[in-house]
There are 2 protein chains.
Amino acid sequence: MQYTLTVEPLNRSIVVAPEQSLLEALQGAGISIAADCGGEGLCHHCGVLLVEGEVAPRDPSRWVERQENGHRWILACQARLAGDATIELSPQSLAGDMAALGRITGYRRAGEDTTHCSWPLARRMALQLMPPSAEDNVADWQRLEKRILDTCPDAPPLTAGLEVLRALPQVLRASRCDVMATIADRGYVREVIGVAPSASRPQHTPGLAVDVGTSTVVVQVVDLDSGHLMGQAAGTNAQKAYGADVISRIIWAEQHPDGPARMQDLIIRQISELAHRACELSGCEPRQVVAASLAGNTTMATFAIGGYPQPIRREPHIPFARDVPALRARDLGMNLHPLAPVFLAPAVSGFVGGDVSAGVLATGMADAEELGLLVDVGTNGEIVLGNRDWLICCSCSAGPAFEGVDIAAGIHAVPGAIDRIEFDRSSGVFDWQTIGNLTPIGLCGTGLLEALAAMFRGGLLDRQGHLDPESPLVRDGYDEPEVVIVPKARSGTRDDLVLRESEIENLLRSKAAVYAGIASLLRALQLQPDDIQRLYIAGSFGNRLRVEEAVTIGLLPDVPRERISFAGNTSLAGAYQALTSREARERLAEIGRQMTYLELSTEPGFMDEFMAALFLPHTDLARFPSQRGPGPSSS
Amino acid sequence: MQYTLTVEPLNRSIVVAPEQSLLEALQGAGISIAADCGGEGLCHHCGVLLVEGEVAPRDPSRWVERQENGHRWILACQARLAGDATIELSPQSLAGDMAALGRITGYRRAGEDTTHCSWPLARRMALQLMPPSAEDNVADWQRLEKRILDTCPDAPPLTAGLEVLRALPQVLRASRCDVMATIADRGYVREVIGVAPSASRPQHTPGLAVDVGTSTVVVQVVDLDSGHLMGQAAGTNAQKAYGADVISRIIWAEQHPDGPARMQDLIIRQISELAHRACELSGCEPRQVVAASLAGNTTMATFAIGGYPQPIRREPHIPFARDVPALRARDLGMNLHPLAPVFLAPAVSGFVGGDVSAGVLATGMADAEELGLLVDVGTNGEIVLGNRDWLICCSCSAGPAFEGVDIAAGIHAVPGAIDRIEFDRSSGVFDWQTIGNLTPIGLCGTGLLEALAAMFRGGLLDRQGHLDPESPLVRDGYDEPEVVIVPKARSGTRDDLVLRESEIENLLRSKAAVYAGIASLLRALQLQPDDIQRLYIAGSFGNRLRVEEAVTIGLLPDVPRERISFAGNTSLAGAYQALTSREARERLAEIGRQMTYLELSTEPGFMDEFMAALFLPHTDLARFPSQRGPGPSSS
């Protein structure tokens, strides 16, 4: 006996034997989903939504389930089928760099709510034209144009380039006027970028949503007909060899005559390679990809077009463009459909780029009445405050400590990284969890922040960030105190995993920069933290960091916890929305125009806010009423 | 003592000695104008307008002058300066294929009547932007965009491609925001196609007006800032090696796999070469040419884009496009500014193309209240009837007889070609003039029609086109009668120049096809010849053919002679207007939409009209009241 398992959003059906786990069935069908613990029910990364049908546990002792979006959330590795069923994979359960993918919000299913005239960045239309006759001797291009305009009369005017005009007469006559047109949205106009007999119509209309991060690049292949995710791939930004942060890459590019060209080549080649991998997973060819939507910070966008980055780091930090007219894949050197439109999310300033505007779009905060705050934490912290009436933003240099850079025990969010940690004051022992439940080999960004919170709560760390010299876990390091988080006996590195005071200071500077940015925006608008009704955390912390710990260390203001949510990779989510919906692109352009940039370096009071935020949680405890109890007072 | 001669429309000043002829002075300054007789005052091709100043004759016996457009029209070869002066060269007096150039009508001087916001196909704008600051931190592209939009708020929206977006930040900073933008009109949008420091602004903004004729290609270089002609060049269409007429070239292209590509290569290469020559004459580089406006018949336009020509010759004769979205020079392979817009005048059908719509524009008949008729005579005769309210057109296959093809004594309009001819009935002698007053070597198209008229008037030819066997000039040829126009003693070919009866029959068929087309259009609208208030003759006859002779043989209907004018190369004139004015391009698009095509091959009555028109001047003499006297009646 065999059952049929329908896998969304891939829209695939696979045959499953009753004794197989869903994970085994998916892997057997070539659908690669994350299973860091090897299918032992430990890492919980293979969680899927059971949309329809029944499943049974393989090992009841390991069974985990919860309710999510009205469906049962189960572990694919622990479930087997009890009949035909439909599951839905979360984007982050698909293969890729898990830390970068985070949680995708705001997916709009084009197949569900798209009218016939909605406009993804490019679309295909099957059109049966009337064949020309002596009475109806309209020219070929006008015949096609009129048919498309009749279908969508309110859309922008149509144009076409040489390739299409040249091919059209033969295609019309070879197909008996039954054609498929590929139409790109170029903003003020639509361009027919391809025309072929309808019979040759491929199964899907693939487009790319791309998050061009300074550290990580993520590419999703999306079916533009349905809005469904077809596959994705992610990788470390190849420009990392030229600097971990944007400033060092800008300087490198400035100092080398071919710097901008080299940077462009690196990023375009990488996007193309990831697109190739994601297309393989999706069962399509890169040349079939008819559109690409990119969100990245201003430096990444500038490098993507081969631009001259110097103005970004010089005051007044001007980007080459806010809204960028849609470019062509061929001009950029991307190996997609040569005329595929490449959309870039708008930049507000040199340090608030398309990743942030896309994030604002994805959270929906720009459409809400309530006041929202978006905090995107990476090497730079970008912060946006506002609602549907106004938006103000700033950028603060958080430094790379949150990414584990310059911290001996800091590592990326890879299997074996500690991402959850507690300290039991009475027993004086750390208790931790690692990604994949492996032996610990370091602390990822989330783990580092959790460690700060745990030590502060447990009295190991005072408000100024000094380690308690009386604790048996604290010892003298080379020339400063350090705390042993994992003793070598339990470490996967065969060495103690420690945190030094200077590293803790680095982390405090990072969190202080983010907090001071938030406080400066609030102050500029004469608002209080409690005025924030929704607080979205985006970026590399993904959804691993716990809200309580983030407030405990004073990274986030002390607002009621239920107002805080982890929004995941909002840059990618915004790029997806822009890819699949013209309304989203128009909204994104408005967001770019609406956002006022506050330059913190010249903002009076920012430095005071920063200095005050170097404490745990803050110099002014009145700002953290919920934190008054637990920590020791050093004053 | 020396005088200054200002030469318009070239906008050049040259120094002239009092003893020099104007022709010598122009030649010495590298301005090549036609002087087929070598400056002997015979060919009259070096005629110029004396706009200002005084001249004196060199040889009073050869002095010729007349009034034209309120100025004195004089021969450059016969005039010397009596002081500083300004002359204006007619387009046809500049170098090139004289027969093809004809007379340019409707020149709109952009420098005179252009507001700051008028839009040639591309233009340059010098713009001083405000440098960015912390208070004005608008992105580079939006800064430029806003400045251009502020200058011309009513124009279409702006866009830009990769090259400009990439170059803009450096150009702004290197020029202290004092930049020159090159902006192309692409119909629904304008595109910034270049940006450079203002200091690098070239003297002119060259654009091309091109008449892509089946026989001859003419290229003019026009300064888009002023609308002035800078130079021109013409040559025989290189596709002639693949057939004299469009049908044979279409068949060749159909029968060879690389046919369309070969045809495109030939025509694009030729336009590029002519552009190169015309640019040399104009003192500019082809890469500086920022726009090109092409008018050609549907087959020439199809070949120019490398298109598939078969539908043109198959019913219902559908062109690939009516209005063609503006293409890019780079895509077409033209060696101009790579992003220069290339505009194609709209085609109405497979046999009424952009040359005709451009001609309608140039004559102004589509804006007139009075009824106009445009007759463009070439291998095909295209005829348009109408006014500002309606336009109807048709095409009739006149055949190549008017171009001297398949006629032993027929030649192109080259020096030595008879282009005027009389027959003195009493003396029984032909009297002729040749181009350049050289010994005759053949008859050009005009000469052939003049010969028909002269022989018919002189009784040598009866109404059916039979030669008078009694005349001493008529003899038996190989198997048919023939008339000796020029005896070998006076011929430059050392042979008699003769016309055979079968050749005369060919010519009658050609003229009958044109007349029958005119008559069919009139009949379709239930109009009479006398309803025609303006009759424009365009095409290869230029202004050499005399109106009286054209009516005498029944090529044109018998309307009062003052209503008939020779409009010259209206295709080129329309291409020029489209190049220099957005209003003209919009008007041209409307003309293309307005024109109704009447298919003669299925039109009842066309064949009867054709048969009736094979007589001289026509079977129905009532239609030619002015012709009732002179000719002999054979009925």
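Guide: Let's zoom in on strand S14 of chain A, residues 216-223, where 8 of its 8 residues are buried. "Buried" here means that 20 or more other C-beta atoms lie within 10 Å of a residue's own (12 or fewer would be exposed, anything in between partly exposed), with C-beta atoms placed from the backbone. Strands are DSSP runs of E with at least two residues, helices are runs of H or I with at least four, and both are numbered from the N terminus.

Before going on, a word about what you're looking at. This is a predicted model, so local features need a pLDDT of at least 70 and side-chain atom pairs count only at 80 or more, while totals for chains, interfaces and linings use all residues. Residues are numbered from 1 along each chain as its sequence is written, and chains are lettered from A and ligands numbered from 1 in the order in which they are written.

Back to our strand. In a regular strand the side chains alternate between the two faces of the sheet. On one side of S14(A) you'll find Thr216(A), Val218(A), Gln220(A) and Val222(A), and on the other Val217(A), Val219(A), Val221(A) and Asp223(A); both faces are covered.

Now for the neighbours. Two strands pair if DSSP finds at least two bridges between them. Strand S13(A), residues 206-212, runs antiparallel to S14(A) and is joined to it by 7 bridges. Look for Ala209(A), which sits opposite Gln220(A). Getting from S13(A) to S14(A) takes a hairpin of 3 residues.

S14(A) also pairs with strand S15(A), residues 228-236, again antiparallel, through 8 bridges. Here Asp223(A) faces His228(A). This hairpin has 4 residues between its strands, and Gly227(A) in the turn has a positive phi of about 80°.

Residues 95-116 of chain A fall below 50, though.

Finally, the partner. Counting two residues as in contact if their C-beta atoms, placed from the backbone, lie within 7 Å, 43 residues of chain A touch 42 of chain B. Helix H5(A), residues 162-174, gives the most to chain A's side, with 7 residues. The model scores ipTM 0.85 and pTM 0.85.

Notes:
pLDDT is the predictor's confidence in each residue, from 0 to 100.
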